[in-house]
Amino acid sequence: MRYVVITGVSRGLGEALLNQFETDEDTVVLALGRGFTDAQRINAGKRLILRHCELAEPSTLPHASELSELFEDADEVVLIHNAAVVAPIGPIGDLEPDELANAVAVNLTAPMLLTNSLLAALPATASRAVIMFVSSGAAHRVIDGWSAYSATKRGAEEFFAHLAEQCSDDPRIRVEVVNPGVMDTGMQETIRSARFAGQQRFLDLYENNELPDPAAVAARLIEDHLQA
């Protein structure tokens, strides 16, 4: 049995990824987040487990003992760090402290903690484990006003680079850091409503219908990075 853990499934890429896995009868999805869609609530059951947590609150995240019990019969485990926040956008010095702390918690701290717990819970029966971190091109360039998002994505990439090195001699474990590019999501709505140099590019992408559908992006990510 394959177990897939996904964060941030209520919309956008996370919802699209969950939809891709839901059709596989040999897969159990553990969806982590603060909210879920009506369809997800209707379909919840043995193969779709909805686990409420606040990614910004470490105490609400699943610990190794909880995951160990879930993964008892796992042949394969996949962890997809999808959830992220782009706010706050603005000059350093004008950022809201609560929003800044939230960005660090959701984009950096939560992926580190969840990965640590998952590896501690990985059963000996599992022949394969894939940890995928959804990053961004913003991790590698300076974008006006995006200091929080860029810094947290870059920090997380460093964490997963260390994990990849640590697991380089373990054929069971694979680490994937992916940049899916822009797509038509709620994050793009936040970006379009903010004020920063370079905002016009994102407005133009939307006006010209050049933002890909998250479903297409999810299918590509699975095919390119999660297939055996």
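On a 1 Å grid over the protein atoms alone, a cavity is a set of points where a 1.4 Å probe fits but cannot get out, and lining residues have an atom within 4 Å of a point. Grid points are joined across faces, edges and corners, and a volume is the space filled by probe spheres set on the points. The structure holds one cavity of 30 Å³ or more. This is a predicted model, in which local features need pLDDT of at least 70 and side-chain atom pairs count only at pLDDT 80 or more, while totals for chains, interfaces and linings use all residues. Residues are numbered from 1 along each chain as its sequence is written, and side-chain values use heavy atoms, with hydrogens and water left out.

The largest cavity has a volume of about 30 Å³. Its lining consists of T7, L55, H81, A83, V106, A110, P111 and L114. Helix α4 (residues 97-121) supplies four of these residues, the largest share; helices here are DSSP runs of H or I with at least four residues, strands are runs of E with at least two, and both are numbered from the N terminus. By class the cavity lining has six nonpolar, two polar and no charged residues. In this scheme Ala, Val, Leu, Ile, Met, Phe, Trp, Tyr, Cys and Pro count as nonpolar, Asp, Glu, Lys and Arg as charged, and the others, Gly among them, as polar.

A pocket, in contrast to a cavity, is an open set of points with protein on both sides within 12 Å along at least five of seven lines. The largest pocket has a volume of about 1,000 Å³. It is lined by 46 residues, of which N82, A83, A84, V85 and M187 are the closest to its centre. Helices α1 (12-22), α4, α5 (147-166), α6 and α7 each give at least two residues to this lining, and α6 gives the most, with five. The pocket lining divides into 22 nonpolar, 17 polar and seven charged residues.

Next come the helix pairs. The axes of α6 (residues 186-193) and α7 (residues 199-207) come within 9 Å and cross at roughly 130°. Axes are lines fitted to C-alpha atoms, for helices over the stretch in contact, and angles run from 0 to 180 degrees between N-to-C directions. Angles under 35 degrees count as roughly parallel, over 145 as roughly antiparallel, 65 to 115 as roughly perpendicular and the rest as oblique. The pair α6 and α7 is therefore oblique. Residues Q188, I191, R192 and S193 of α6 meet Q199, F202, L203 and Y206 of α7, where contact means heavy atoms within 4.5 Å. Four of the residues in this contact are nonpolar, three are polar and one is charged.

Helices α1 and α8 (214-226) have axes that come within 8 Å and cross at roughly 60°, which makes α1 oblique to α8. On the α1 side, G12, L13, A16, L17, Q20 and F21 take part; they meet P214, A215, V217, A218, A219, L221, I222 and L226 of α8. This contact has twelve nonpolar, two polar and no charged residues.

Helices α4 and α5 pack at an angle of about 15°, with their axes 8 Å apart. They are therefore roughly parallel to each other. From α4 the contact uses L100, A103, V104, N107, L108, P111, M112, T115 and L119, and from α5 it uses A148, Y149, T152, G155, A156, F159, F160 and L163. The residues of this contact are 13 nonpolar, four polar and no charged. P111 of α4 takes part in the contact with α5 and also lines the largest cavity.

Two points of backbone geometry remain. Most residues other than glycine have a negative phi, and most peptide bonds are trans. The peptide bond from A87 to P88 is cis, with omega near 5°, and P88 lies in the loop between β4 (76-81) and α4. N209, a residue other than glycine, has a positive phi near 55°. N209 is in the loop between α7 and α8.
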